[in-house]
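Please keep the sequence and the three-dimensional view at hand while reading.

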Amino acid sequence: MHTDDPPGTAPYRRTWVGIPVWLWVNNPAPTSWGPQSKTATLGGVTVTANASVQSLYWNSGDGQNVTCGAGTPFNAAAYANQAAVDSPTCGIRYQHTTKGGTFTVTATTSWVVEWTGGGQAGQIQMPTATSTTDVRVGELQSVNVTTTGDTYN
């Protein structure tokens, strides 16, 4: 599940209780994930600043919290012949549904700028950036029936 598509526009915005949900940053780039570097000179002093995401915190909307890197995008072709597979880097599993069946997933990034110049160095913590999306969580139940019509629970 990545966070840059409008809610309801992609099939991966629906999942089921107990099924792995992969979390990732879609197409991480210097301006969305880092590092982004700039150098400037003024009065004979050159300062270089490098900005990058220091951490990514996911809140599933049902009480689960995960801190991880950019994650691994789900590749349906790579897992076509396998049952539900957990993300190797960042994911959750919903344990229940909610009234209305929708949870709001929140991704919060913390950025840091590291700078050097004029014989000095330091860090500047930047305000966090937040993005949200809704995911529908359903629950599947089954009843086993024999060919004679008897049911088993």
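A nonpolar core is a set of buried Ala, Val, Leu, Ile, Met, Phe, Trp, Tyr and Cys residues joined through side-chain atoms within 4.5 Å. The structure shown is a predicted model.

**The largest nonpolar core**
- The largest nonpolar core has 21 residues, and within it W58 and Y94 touch the most other members.
- Two or more residues of this core are given by each of the elements β4 (45–59), β5 (65–68), β7 (102–117) and β9 (129–138).
- Strand β7 provides the largest share of the core, namely 5 residues.

**T15 in strand β1**
- Residue T15 is found in strand β1, which covers residues 14–16.
- T15 has a relative accessible area of 6%, and it therefore counts as buried, since the limit is under 20%.
- Apart from its neighbours within four places in sequence, T15 is in contact with V21, Y94, V135, R136, V137 and G138.

**The loop between β2 and β3**
- P35 is located in the loop between β2 (20–22) and β3 (36–42).
- The peptide bond that joins G34 and P35 is cis, with omega at about -10°.
- N27 also belongs to the loop between β2 and β3.
- The phi angle of N27 is near 50°, which is a positive value in a residue other than glycine.
- N27 has a relative accessible area of 60%, and it is therefore classed as exposed, for which the value must be over 50%.

Conventions: Residues numbered from 1 in each chain as written. Predicted model: local features only at pLDDT ≥ 70, side-chain atom pairs only at ≥ 80, totals over all residues. Heavy atoms only, no water. Buried < 20%, exposed > 50% of the residue type's maximum accessible area, 1.4 Å probe, protein only. Helix = DSSP H or I, 4+ residues; strand = E, 2+ residues; numbered from the N terminus. Contact = heavy atoms within 4.5 Å.
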